[in-house]
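I am opening my notebook on this structure, and I will write down what I looked up in the order I looked.

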Amino acid sequence: MNFNWEYFFELFVQLPAYIPVTIFIALVSMVLAILLGAFLTWLQLSGSKILKFLAQAYISLFRGMPTLVQLFLIFYGLPQLFPVFKGMSALTAALVGLGLKEAAYLSEIFRAAVNSVDKGQIEAGQALNIPSWKIFLHVILPQATLNALPATGNTFISLLKETSLAFTLGITELFGNAKMVAGQSFRYFETYLAVGLLYWLMIVVYTWLQRLFEKELEAPYRRSSDESH
């Protein structure tokens, strides 16, 4: 078996230098996706058929088109149609493209989370003449956030892995650097195995942090349940 263990372990010193770029792309894209996803959710729940149709059309389009095609359309296509985008950097295109893509998935997650909140609690608040914004802020939002967190976390994990597509736009992130290293050394198996393990380790750490966050959000509900008994 022609596997160079020494070279393999050397990669774990070299490749992590590009992890911050990968995490930066994932975090900024996720923030954009959350904001846009929340807006799309509002459109779907607004009661307007036109706004709901526009939101559903967006969701259908961005969920149905490959991510790589979307990145190419934004980076290479938009400057042809609109000259104002000619100065757009590859990093900006990657952030926007990934954010627009994941917003379509998050919108459906948020919509389902809001609809999962017990309607009786909302009706009780309305019966007490509590303002709608207070009902949303103190009743709907905390429970919807808790319900949406697992699926939102899975979306972030998918996004973290999709940052590897940024290399196609010329961005040297974790996978991009690994691809260049493999091309120089011709040690493809060692290189791609190392980079795969690094992605896996990032996801393991994120999953651990997410579980801690979920426990913090669940704490008030656990205390209420214990007090009721």
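In which helix is the place of K101? I found K101 in helix α5, residues 90-115, where a helix is a DSSP run of H or I with at least four residues, numbered from the N terminus. I noted that this is a predicted model, in which local features need pLDDT of at least 70 and side-chain atom pairs count only at pLDDT 80 or more, while totals for chains, interfaces and linings use all residues. Residues are numbered from 1 along each chain as its sequence is written, and side-chain values use heavy atoms, with hydrogens and water left out.

Leaving aside neighbours within four places in sequence, I listed the contacts of K101 (heavy atoms within 4.5 Å), and they include F62, M65, Q70 and E162.

I then turned to A113, also placed in helix α5. Why does A113 count as buried? A113 counts as buried because its relative accessible area is 5%. Not counting residues up to four places away in sequence, A113 touches A144, N147 and A148. I also checked A113 against Q143, and the two are 30 residues apart in sequence and 8.0 Å apart in space, C-alpha to C-alpha.

Key. Helices (H or I, at least four residues) and strands (E, at least two) are DSSP runs, numbered from the N terminus. Buried means under 20% relative accessible area, exposed over 50%, partly exposed in between (1.4 Å probe, protein chains only).
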